[in-house]
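Biologist: Hi, I have the model open on my screen. Could you walk me through it?
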Amino acid sequence: MGKGKLEKFAEMETFHNVFQYPFAKLKNEGFPLKGNWGKDFFKNDKPILLELGCGKGEYTVGLGKLFPEKNFIGMDIKGARIWNGAKESVQNHMDNVAFIRTSIELIEHFFDAEEVSEIWLTFPDPQMKKIRKRLTSTFFIEKYRKVLVNNGIVHLKTDSNFQYQYALAMAMANDFELLHNMNDLYHSGWEDPILSIQTFYENQWLERGLNIKYLAFKLHQEKLTEPDVEIEYDAYRSYNRSKASPKTHGK
């Protein structure tokens, strides 16, 4: 591990708004803020929005600035990335922003039932070959429903047409209420303050001439169905993803 990462990890230990819990500690002791984020950390009863795979935390911090009437938590396994957003939020004395360094699969260990109002997925790896790892698969949707309020909202921003088509198929197969469906967000004519927030990777996709897709839908509590569809793989190689295949798959 490089010296820079070690320094960042050490500095994050001093941040009051960063929580790093190894699985062994979670299993043995549990997470003290589970079910108590509003009362014990944010000190209010405002809605909590969660960004999964938050990376450098641009969206978590950006949303926190735009919507001071809400609370925001970014979750990512990469601590060196989280450091950026965590440091900025601390320096700006943002009391409505926090970060958790952990795997997304462990979301239920950190939040109680109906503790989260909305979930943001910003440019997740589309996982074209592995359904279970896709952040909009039934595997993850089940986890989201356990922490979201009834009819909680899931937002997806992605450069990947595969990810967009798969998530849309998931929403349609399960009759999720679609709130937004845009396959070219920045040329859609939609006006919203969130358009002012662009992540590090999003800017790279835009520079490459890729359209940004955006979906938002409400979840229900009925039985889920995995969509049986075939979707063409993305024809380009992303910066941090495995090489795309020319084959067509959905499963």
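**Pocket, rings and a cysteine**

Modeller: Happy to! By class, twelve nonpolar, eight polar and nine charged residues make up the lining of the largest pocket. Here Ala, Val, Leu, Ile, Met, Phe, Trp, Tyr, Cys and Pro count as nonpolar, Asp, Glu, Lys and Arg as charged, and the others, Gly among them, as polar. This is a predicted model, where local features need pLDDT of at least 70, side-chain atom pairs count only at pLDDT 80 or more, and totals for chains, interfaces and linings use all residues. Residues are numbered from 1 along each chain as its sequence is written, and side-chain values use heavy atoms, with hydrogens and water left out.

Biologist: OK, how many aromatic pairs are there?

Modeller: The count comes to 19 aromatic pairs. Rings of Phe, Tyr and Trp (its six-membered ring) pair if their centres lie within 6.5 Å; planes under 30 degrees apart count as stacked, over 60 as edge-to-face and the rest as tilted. Take Trp 37 and Phe 111: their ring centres are 5.6 Å apart and their planes are at 20 degrees, so this pair is stacked.

Biologist: Where in the chain are Trp 37 and Phe 111?

Modeller: They link distant parts of the chain, 74 residues apart: Trp 37 is in helix 3 (residues 37–42), and Phe 111 is in the loop between strand 4 (97–101) and strand 5. Helices (H or I, at least four residues) and strands (E, at least two) are DSSP runs, numbered from the N terminus.

Biologist: And are Trp 37 and Phe 111 buried or exposed?

Modeller: Both Trp 37 and Phe 111 are buried. Buried means under 20% relative accessible area, exposed over 50%, and partly exposed in between (1.4 Å probe, protein chains only). Phe 41 and Phe 42 are buried too, and they form an edge-to-face pair, 4.9 Å centre to centre with 85 degrees between the planes.

Biologist: Which residues form one aromatic cluster?

Modeller: Phe 19, Tyr 21, Phe 31, Trp 37, Phe 41, Phe 42, Phe 110 and Phe 111 do.

Biologist: Switching topic, where does Cys 54 lie?

Modeller: Cys 54 is in the loop between strand 2 (48–52) and helix 4 (58–66). Its relative accessibility is 4%, so Cys 54 counts as buried.

Biologist: What is Cys 54 in contact with?

Modeller: Leaving aside neighbours within four places in sequence, Cys 54 is in contact with Thr 60, Gly 74, Met 75, Asp 76, Ile 82 and Phe 99. Contact means heavy atoms within 4.5 Å.
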